[in-house]
Amino acid sequence: MPFPSRRSRAALLAAAASAALVAAALPADPVPLGIGDPLFPQLGNPGYDVLAYDIGLTYQGSNDEPLDAVTTIDARTTEPLDRINLDFTRGTVRSVAVNGLRARFDTAGEDLVVRPVGRIPAGIPLRITVRHTSDPTGEQDSGGWVRTADGLAMANQADAGHRVFPGNDHPADKAYFTFRVTAPNDLTVVANGIPTGRSRMGGSTTWTYRTEHPMATELAQVSIGDSTVVRRTGPHGLPVRDVVPTADRDRLEPWLKRTPAQLEWMERQVGPYPFENYGILVADTETGFELETQTLSLFEKRLFTDTRFPEWYVESVMVHELAHQWFGDSVSPQTWSDLWLNEGHATWYEARYTEDHMDAPLEARMRNAYIRSDAWRAAGGPPARPLAPEPGEKISLFRPVVYDGSALVLYALRQEIGRDAFDRLERLWVREHRDSNAATADFVRLASQVSGRDLAAFFDGWLYGTKTPPMPGHPDWRSTAPAAS
């Protein structure tokens, strides 16, 4: 770069002096920020919109040591920034650069607080490069990396993406992802999206994957292990790839081959599958849950191998996670209080599939849910106003009221507006909000539009009431009062 002229040097000196004055006026200590989510107030960060992540990880073959990592974030400021807060914990930060210039940084709570050189105006492109480690050795039940028998996988819901990589860890800020993962040659790496390259050097191979649709941080997935990728074709030529422990390939095939028919059934309900590919990741680990990571749903191996699980139950769980690709992944919640839209819909289509294929009447399941609904609301809050999770137990957010309790809301809606209007609403919902975020108010508006009448009062009772309203068409249904504490 040529040495600046006297005039431009003066301008640079003036700008530096101005930046120094601004910095001197800032609080001495960094503070964690958030976007004010009602359930996770310090999750996400204001002032910028992430457009893309490029995440490089180096796995040495052991789950007992941190991975070396480089995360590059392309973003745009939405307001002037003196500091940039990123959600990140459980890793050591070695350096940070903003737009190519080395930046100071500190930590506050679970935030990485970056001080760029000078104040950054609104509307400016940002490239933030963080060199760090990503540590899989923490507590397994707190989310982030999940240790498997032969490697690693991710389980980032609801607020654990920042335990793996720095970012804006809230579903309201979706972005495109690229993963570049280096691992020993004898291991297989798979991630969200499509493979775009593989290069081998010595004893290691670097695998690259890129998403074709934006994704929430909680849905990121990287699998590293002794795995086999099983490929087949879904409806309309959709690539289907399943990632399974190599030793269990044949044992799992009776389950894997069911996915294309499940995809066809879901498309008949709500329209075309919204992403570039789909498949299931079978991990040899125990998490206590399955997870709808985008294009590659995470399942515990024991779901498919433990004969105590009935066949109808296993397949219904497969459909539940598949339905999330439309409801929760493609159409993501605006806040975590909108979780009922994710889990209620996934439970709804799980129950509908079970009715269609396994002689399990939907009405019987919904009546059973109605009986328990008041108790669920007392324990977890109404469907669209759930109680905050217990401290240190973020997974406790996922209570019965957001599953069958929220599917019950959809059943009541179908009873209220009729099947034809309900089916039109479902198709319009996933089409109009594809690849974006939507809130409960958006669903209420669209339902009112499709039905041709104002449904605000109907939804107010069903979504926010402490007591379950009467079920349309079933005035004899009763909900059991919650037991006194």
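How many nonpolar, polar and charged residues does the lining of the second largest cavity have? We will get there at the second stop.

Before you click, note that this is a predicted model, in which local features need pLDDT of at least 70, side-chain atom pairs count only at pLDDT 80 or more, and totals for chains, interfaces and linings use all residues. Residues are numbered from 1 along each chain as its sequence is written, and side-chain values use heavy atoms, with hydrogens and water left out.

**Stop 1: the largest pocket**

Select Phe289, Glu290, Tyr313, Glu321 and Tyr403, the closest to the centre of the largest pocket among its 28 lining residues. A pocket is an open set of points on a 1 Å grid over the protein atoms alone, with protein on both sides within 12 Å along at least five of seven lines, and lining residues have an atom within 4 Å of a point. Its volume is about 640 Å³, counted as the space filled by probe spheres set on the points, which are joined across faces, edges and corners.

Next, colour helix H5 (311-323), which gives the most to this lining, with six residues. Helices (H or I, at least four residues) and strands (E, at least two) are DSSP runs, numbered from the N terminus.

**Stop 2: the second largest cavity**

A cavity is a set of grid points where a 1.4 Å probe fits but cannot get out. Select Phe327, Gly328, Val331, Ser332, Pro333, Asp338, Leu341, Asn342, Trp429 and Ala438 to see the lining of the second largest cavity, which holds about 40 Å³ of space. Strand S19 (331-333) and H6 each give two or more residues here, and S19 gives the most, with three.

Now for the opening question: this lining has six nonpolar, three polar and one charged residues. Ala, Val, Leu, Ile, Met, Phe, Trp, Tyr, Cys and Pro count as nonpolar, Asp, Glu, Lys and Arg as charged, and the others, Gly among them, as polar.

**Stop 3: helix H6**

Select helix H6 (339-358), which also gives two or more residues to the largest pocket's lining. Of its 20 residues, 16 are buried, so H6 is largely enclosed by the rest of the structure; buried means under 20% relative accessible area (1.4 Å probe, protein chains only). Finish on Asp359, which follows H6 and has a positive phi, near 50°.

Conventions: Buried < 20%, exposed > 50% of the residue type's maximum accessible area, 1.4 Å probe, protein only.
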